[in-house]
Amino acid sequence: MGDTTIVETRYAGVCGSDVAKLNHPWQGRLPEPWYPGHEIVGVDTESGEWVAVDPLVPCRSCHYCDRGLIHLCPELRRIGWDLSGGLADAVRVPRDNIVPLSHLHDPAHGVLADPMAVALHGVRCGLRMPLGRLGVIGGGVIGICTAICAAEAGWDVHMLVREPSRSRQLSYVLAPHINLHSADLPRCDVVVDAASGDSDSPICQALSAVRDGGTVLVQNAYAPRVLLSVPLRDVFRRSITLRGSFSYCRADSHDDFRDAIDVLAKGGDWAALMTRDRFPLSDLPQGLAALESGSRHRPFKVLLTSGI
């Protein structure tokens, strides 16, 4: 990995992709051994600074890396996937992958850098079109971050959140810039599927809500073996564009991960809401159970703490 440093973990976010693998039988490939945890905030043991860890470790020499499209690098390695992750007291990472957090009001908000980077990448790279009405399907962290990024970019944002308790909480932190809906989205020029999951229901909802000639952007990865049940003729005869936007990049003089931290530094009650539920690292099972509880107090995200 070249020049490395050790980061003592203070906060590790439990991503939805981690939950899918930890809480449910996973039908896809997992590295052996797998050390999860790619949303890492901690202290660099050499500088003593609070830092976030960019989990993407590209080769830096291929066709894609030369263009900044590191997420497409065929030799890409990921901290928390095929490299040791942050669900530990400390982790060794490439020095180039740490980003100081001195300008964050609460360093715990740094665990949102990864999902915010995913959102930024989708809005920047996936939506190069005239501004209009944009719908978001998915009331989780990726959906919230996408709505925030899109509203900041000038889109008229409408978000579908069916769970009443979650909708009430979001109405306090996202209004008036983002419109929340509990049943159906209005007809939109673009619909972002930020839900994905283990059925094709979100993308089917997106296809129903988008205008003819519009775009559906799939902002996340579906579980293995999920198939699209909508006849493709019904999609393409409407001239709908289907786009995938996975992970994030460093193209066009941007660095999505570092820019995401700048978004977080602007503050907002939404960041506090998404990082409020914190469990000691040893209480990972309880954190996972809370995410699956279905109660009105179900966390938006679970943070695991270590050394605090």
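Buried means under 20% relative accessible area, exposed means over 50%, and partly exposed is in between, with a 1.4 Å probe and protein chains only. Keep that in mind, starting with Arg124. At a relative accessible area of 24%, Arg124 is partly exposed.

Quick housekeeping. This is a predicted model, so local features need pLDDT of at least 70, side-chain atom pairs count only at pLDDT 80 or more, and totals for chains, interfaces and linings use all residues. Residues are numbered from 1 along each chain as its sequence is written, and side-chain values use heavy atoms, with hydrogens and water left out.

Now, salt bridges. Side chains of opposite charge can pair when their charged atoms come close. The cut-off here is a side-chain nitrogen of Lys or Arg within 4 Å of a carboxyl oxygen of Asp or Glu. How many salt bridges does a search of the whole structure find? The search finds 20.

Back to Arg124. Asp256 forms a salt bridge with Arg124, and their closest N and O atoms are 2.8 Å apart. Asp256 lies in helix H8, residues 256–265, and Arg124 lies in helix H3, so this pair ties together parts that are 132 residues apart in sequence. A word on those labels: helices (H or I, at least four residues) and strands (E, at least two) are DSSP runs, numbered from the N terminus.

Arg124 also meets Asp259 in a salt bridge, again with 2.8 Å from N to O. Asp259 is in helix H8 and Arg124 in helix H3, so that pair ties together parts 135 residues apart in sequence.

Next, a salt bridge between Asp234 and Arg237. Their side chains meet at 3.7 Å, N to O. Asp234 is partly exposed, at 33% relative accessible area. Arg237 counts as exposed, at 59%. There is also a network: salt bridges link Asp54, Arg250, Asp255 and Arg258.

On to helix packing. Helix H3 covers residues 113–126, and helix H4 covers residues 141–153. Their axes come within 8 Å and cross at roughly 45°. That makes H3 oblique to H4. For the cut-offs, under 35 degrees is roughly parallel, over 145 roughly antiparallel, 65 to 115 roughly perpendicular, and the rest oblique. The axes are lines fitted to C-alpha atoms, for helices over the stretch in contact, and the angles run from 0 to 180 degrees between N-to-C directions.

Two loop residues now. Gly139 sits in the loop between strand E8 (133–137) and H4. Gly139 is buried, at 17% relative accessible area. Ile70 sits in the loop between helix H2 (63–66) and strand E5 (77–78). At 4% relative accessibility, Ile70 counts as buried.

Last stop, the surface. Which residues form a nonpolar patch there? Leu228, Leu232, Phe236 and Leu242 do, with about 340 Å² of accessible area together. Patch residues have over 30% relative accessible area and no salt bridge; like charges are joined within 9 Å, and nonpolar side chains (Val, Leu, Ile, Met, Phe, Trp, Tyr) within 5 Å. Areas come from the Shrake-Rupley method with a 1.4 Å probe; for residues, only the protein chains shown count as cover. Leu242 belongs to strand E13, residues 241–244. At 32% relative accessibility, Leu242 counts as partly exposed.
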